[in-house]
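Reader: I am new to this structure. Please pick a single part, look at it closely, and then say how it sits in the whole.

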Amino acid sequence: MIVERVDHAELLACAAGLADLLVDTVEGGASIGFLAPLDRAEALAWWREHAAGTAAGRLAVWVAYDGGRPVGTVSLAFPDKPNSRHRAELVKLMVHRDARGRGLGRLLLATAEEAAAAAGITLLHLDTETDSPAERLYRAAGWSRIGAIPDYAAAPDGVLRPTSIYYKPLRRETGAEAPTR
């Protein structure tokens with residue numbers, strides 16, 4: 001399994017595989033912003049729209065490949081305000097159902113955390129469906145839960161569910177300057 005950060009062109013090149021991953025993740029019940037059934041064309045359009053964020057430096061995307069096929073991904077979204085350049089939001093951590101149970105979620109999470117620290121980011125935050133398998137992953141990786149917002153987002157089945165908010169302070173790498181992307 002290979003995990004690589006992808007740039008704008010690489011994201012567009014693997015968008016079809018990422019669309020398949022997104023559809024599989026939603027079909028598997030993960031609450032990542034989409035309702036089931038998710039049309040593949042809609043998933044593909046979503047990835048293509050987000051490619052511009054990578055070109056502009058607002059989004060960093062890592063893709064895990066198994067035999068050339070995207071089986072996992074994670075992203076960091078960077079704020080554009082001057083007073084928040086020390087932080088980033090961890091978004092869209094996905095692992096294909098066929099690739100689960102092999103530590104890929106932990107690997108993707110650690111990859112994003114290490115890259116954030118190396119870029120001078122000192123604080124990460126995220127939200128995830130309360131009581132989801134993802135919550136166990138974040139707690140095991142040292143993330144702190146702030147609380148939950150009731151009825152925050154609809155799960156893929158359309159039912160409103162609470163969302164938990166997490167954060168993790170990062171150590172700034174020795175000699176790191178102000179955050180870069």
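Author: A residue counts as buried under 20% relative accessible area, as exposed over 50%, and as partly exposed in between (1.4 Å probe, protein chains only). The model is predicted, so local features need pLDDT of at least 70 and side-chain atom pairs count only at pLDDT 80 or more, while totals for chains, interfaces and linings use all residues. Residues are numbered from 1 along each chain as its sequence is written, and side-chain values use heavy atoms, with hydrogens and water left out.

Helices (H or I, at least four residues) and strands (E, at least two) are DSSP runs, numbered from the N terminus.

Of the 13 residues of α2, 10 are buried, so this helix is largely enclosed by the rest of the structure. They are Ala-15, Gly-17, Leu-18, Ala-19, Leu-21, Leu-22, Val-23, Asp-24, Thr-25 and Val-26. Gly-29, with a positive phi near 100 degrees, follows α2.

The buried residues in α3 are Ala-43, Leu-44, Trp-46, Trp-47, Ala-51, Gly-53 and Thr-54. They cover an arc of only 160 degrees around the axis, which puts them on the same side of α3; the arc is that of the directions from the helix axis to the C-beta atoms. An α-helix has 3.6 residues a turn, so residues three or four places apart point the same way. Glu-49 and Ala-55 lie on the other side of α3 and are exposed.

The cover over the buried residues of α3 includes α2 (15-27) as well as α1 (8-13), β2 (59-66), β3 (69-77) and β4 (87-95). At its start, a side-chain oxygen of Asp-39 comes to within 3.1 Å of the backbone nitrogen of Ala-41. After α3 comes Gly-57, whose phi is positive, near 80 degrees.

Now the whole. The protein chain has 5 helices and 7 strands, in the order β-α-α-α-β-β-β-α-β-α-β-β along the sequence. Its radius of gyration is 16 Å, close to the 16 Å that the globule rule gives for 181 residues, so the chain is as compact as a globular protein of that length. That radius is taken over C-alpha atoms, and the rule is 2.2 Å times the number of residues to the power 0.38. Along the principal axes, the C-alpha atoms fill a box of roughly 45 × 40 × 30 Å. Of the 181 residues, 44% count as buried. Among contacts with a separation of 6 or more, 61% come from residues 24 or more positions apart.

Notes
Contact means heavy atoms within 4.5 Å. A polar contact is a pair of N or O atoms within 3.5 Å; within protein, one must be able to donate a hydrogen and the other to accept it, and residues adjacent in sequence count only if both atoms are side-chain atoms.
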